[in-house]
Amino acid sequence: MPIISRAETRNFRGKLLHTGIILLLTLGGVSMIYPFLLMLSGSMRSEMDSSSLGLIPSFFTSDKSLYRKFLETKYDQSVGILNENTHQHAYTFNDARVPARLIPGRISDLRTFLRHVKVSHNWWVLGGISGFNTTPPNLRRLRTRLAQEFHGNLRAFGRAIGAPTSSWTDITPTPPNWLSQRFNYHPDPIWTAYFQLLRRSPVAERYIPSITGYFLATMIQPKYGLSSVAGYNRAHAHHVSSFITFVLPDRVPPANHPLLRQDWLTFVRRDLNPSFVLLKGESPAAWQSFLAGRYTHIAALNISWHGHYPSFGAIPLPRGHWFGGGQAQDYAAFLRTLNPSVYRLTGPGYVWRAWLRRHYHHNLAKLNATEHTHYPRFADAQLPMDQITYQYVCQHSLKLRWDFATLNYVNVFNQMIFHGRAMLNTLIYCALAILAALLVNPLAAYSMSRFRLPGTYKMLLMLMATMAFPPMVTMIPVFIILRHLHLLNTFGALVLPSIANGYMIFLLKGFFDSLPRELYEAARIDGASELRMFFQITLALSKPILAWVALGTFVGAYTNFLGALIVCPAQHMWLITVWLYQFEQQSTPAAIYAAVLIASIPTLMIFLLAQRTIIRGIVVPVEK
Amino acid sequence: MACVDNFAKVLFDARFWSSFERTIYFVALTIGLGFWPPILLAILLQEVPTATLKYIFRTVYYLPSVISGVLIMFLWRQLYDPSKYGVLNHLLLMLNLCGPISATLIKLLALGLWLSFIAILIMLPIRIEEMSRPLKAALWVVAGTLTAVTLQPIAVRISESGPMAGLALFKGLIGPFHLAPLGWIQSPGAAMLCVVLPTIWAGSGAGSILYLAALKTVPDELYEAAEMDGARIWHKIFYITLPQLKYLIVIQFIAAVIAAFQGGTDYILALTGGGPNHATLIIPLEIFFRTFLKLQFGVGTAMAWLLGIILIWFTATQLKMLSKAEFKGGR
């Protein structure tokens, strides 16, 4: 019964008091819930918006933020990759450029281009394939695809890629760096899956590596910086208006631009993959004789190139398809022997400009009118990839919002499943612990309550004295005993040390004592066995307190961390808490929030569903 | 002899005694700040008029305890971020945005609330005469401590730089806030308090459930009879409710002291790791470090036994009271 009686609540003072109490409780309640809301909203964030504090992440309400978040995933959380491939100078994804509006002319042009000109998959990069301490969607899809392909057999997968792999989550491919002269890859199952995924993904999720961006990043940025064109313009005779509109010329700059010519040549000869360089007016014969001079025998070339050429005469000049390795080295060496005036750069941007020229029949005004641009020449046209991406984001905003909000949750679930047994182990352990506690503790209490043997009281004191020791004292001996019994890394090691609980036995004994003795006498007259009395009288009458015992055991088992870590360190015996501990060390705060929230669902459900039972099961000590 | 060696090693180690002092401080904070909120919360929850509201409040206050153990500290470590983008610092710095008038009002309101809280603590034992002596003493001690804590900075200022500095402090009450981000767990002075707060946040709701059950065992007739005699609400709380719960409160108090002495290891480990500058290095943590990191099992176990011996009186009293107790189920 409430302390404020009903009569008192009617007068003004009582009402004031009630209002005050509710106000106070609400204030306290806010302080209880606020961190949870923070956690909930934090679990939906990524690196770019993790430091902003609003309860509702901004990508929920603004298309701009959503687009930037999409960019963050697409460009592998690296501002460097974003800046290089979209020609901008952002410091974080929070100030990445967002298109002012959608321009249908640009989008339809680019779509027509992509339909008509087959851009080789070596010119595309699939976005969202790697991330720092997090698993972007495409990486997750790649892992799932590989796991399905190998029917979950890690060993077969390890043999196929030639490196033992301990978990599917260890597959972390680096995005291909097609533009670099030093990059190469060997076709293996990971690459096959990667290309399959690339072909099926929407255009907005991929990007075309920008040769101009690569040039700016490797040659211009170290010398003049990219934040303003001032440094560059001071050093060069010709002026550029902005690095955003800058396009690397497809042929070597003339001699009256010595600095740019120097940079261009160094870049093409040293950094750029030579397959992006075509030769104008050069015959294959020079190339073939160069190779013949290098290898003398075609078989040697075939080994180096992984090729099947019958003779040197059958080798054509590169026509723009990508290659790396020995072939790239040879071709780069060949390029160095030639006069640079025959070099012609190719690549998506150059093909796009050539296509535009054909598409608009060299009518620049028409192009500018359709695309709402102000290009002074066709050679300045840019690939409007940002338009297609922005359109995709706007069209799929609902799905993307949902995906971003649930990304961390999906990842945590996936990791738990990929890491296999943590969830199952916890389930088995909790079930075993509850079963054991419900059997051992009541049996001990029953025997002490029913048969008042001499020394029962001392026995009880001894049982309770086990609670007095600091847990530190028992931890080491328990570990040593378990090791002697060869029980480490078994469920026995988890369940046995805490199978009996002195306090619970004590409580149960007190409760059993209060049951009427006449019941037992009546049962005995009816010929009931002791076991039957135990189950049908004692246990049946003490359901609330048994529920409380079960709950206490469950909470103890579910939150067991340090003990579990010490007696079950092997990965196949990890509990959720231990798994979370190692997860915490290699994840973002957002993923940790998600994991914590997921891990607290079971305890929350139990409290919500069994609140009444719990409160009824609590026994309160009162002085006799 | 070896085991005596270990005990001697521990007892003649200055580090042990300094961590012993910190343990006392930790226990005092944990008990002083954490013991009464569940009781207060239970009494308040009991007074909530409708069943639905009661259910909602009970669930809300229980919510923090569904996050298991160490995970709470992962959460609070984010809240305690010492940069100005940390959650708590951000909330604190929002005060800086207040205009001079509203800032002055907020300051005066906070000061007023604080002073009236101390006044209530001092007045209660005077108004309610039949309150038990230990409770009266306890309330006055708390009030005295709070007064001292309030006056101490003023006294220091005055003694250091004359009475005008004291006046300057009062001038600080007027005008906008100029707060700087706090270090929280990284400032040695506040770290212990910061370690204790999350456990109180997480434990109050779950702790109040026991008291809620106990409140239901208080017979209604007592309240009715008291009302006949013209008892007010305060009287009912201090003459009926608390005396009826006295046995439980004493048992819980002893259990809380024991738990405070033994516990806190994993929390502190996850939050500060004993730092900054050993400010939160308490004995249980020291035991953990000695045994499992430095692998000095003997020294660690000796410390654990010493801790057990310190607590032996508490443990014996607890066992005695528990074995004499009768258990009543809640309804």
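B:Ala8 sits in helix 1 (residues 2–11) of chain B; helices here are DSSP runs of H or I with at least four residues, and helices and strands (E, at least two) are numbered from the N terminus. B:Ala8 counts as exposed because it has 12 C-beta neighbours inside 10 Å. A residue is exposed if 12 or fewer other C-beta atoms, placed from the backbone, lie within 10 Å of its own, buried if there are 20 or more, and partly exposed in between. Between the C-alpha atoms of B:Ala8 and B:Tyr61, which are 53 residues apart along the chain, the separation is 46 Å.

This is a predicted model, in which local features need pLDDT of at least 70 and side-chain atom pairs count only at pLDDT 80 or more, while totals for chains, interfaces and linings use all residues. Residues are numbered from 1 along each chain as its sequence is written, and chains are lettered from A and ligands numbered from 1 in the order in which they are written.

Chain A comprises domain 1 (6–42), domain 2 (59–208 + 392–415), domain 3 (225–384) and domain 4 (420–617), with bounds from an automatic or database domain assignment. Between the C-alpha centres of domain 1 and domain 2 of chain A the distance is 48 Å.

The two chains meet through 66 residues of chain B and 60 residues of chain A, a contact being two residues whose C-beta atoms, placed from the backbone, lie within 7 Å. On the chain B side, helix 12 (residues 233–262) gives the most, with eight residues. That side of chain B has 40 nonpolar, 18 polar and eight charged residues. Nonpolar means Ala, Val, Leu, Ile, Met, Phe, Trp, Tyr, Cys and Pro, charged means Asp, Glu, Lys and Arg, and the others, Gly among them, are polar.

The largest nonpolar core has 124 residues, and A:Ala595, A:Val596, B:Leu71 and B:Leu75 have the most contacts inside it. Such a core is a set of buried Ala, Val, Leu, Ile, Met, Phe, Trp, Tyr and Cys residues joined through C-beta atoms within 7 Å. Helix 10 (residues 191–216) of chain B gives the most to this core, with 14 residues. Leaving aside residues up to four places away in sequence, B:Leu75 touches A:Pro35, A:Met39, A:Val596 and B:Ile67. Another core, of 35 residues, lies apart from it and includes A:Trp178 and A:Phe243.

A:Ala595 also takes part in a helix contact: A:Ile576, A:Leu580, A:Phe583 and A:Glu584 in helix 28 of chain A meet A:Ile592, A:Ala595 and A:Ala599 in helix 29 of chain A. The residues of this contact are six nonpolar, no polar and one charged.
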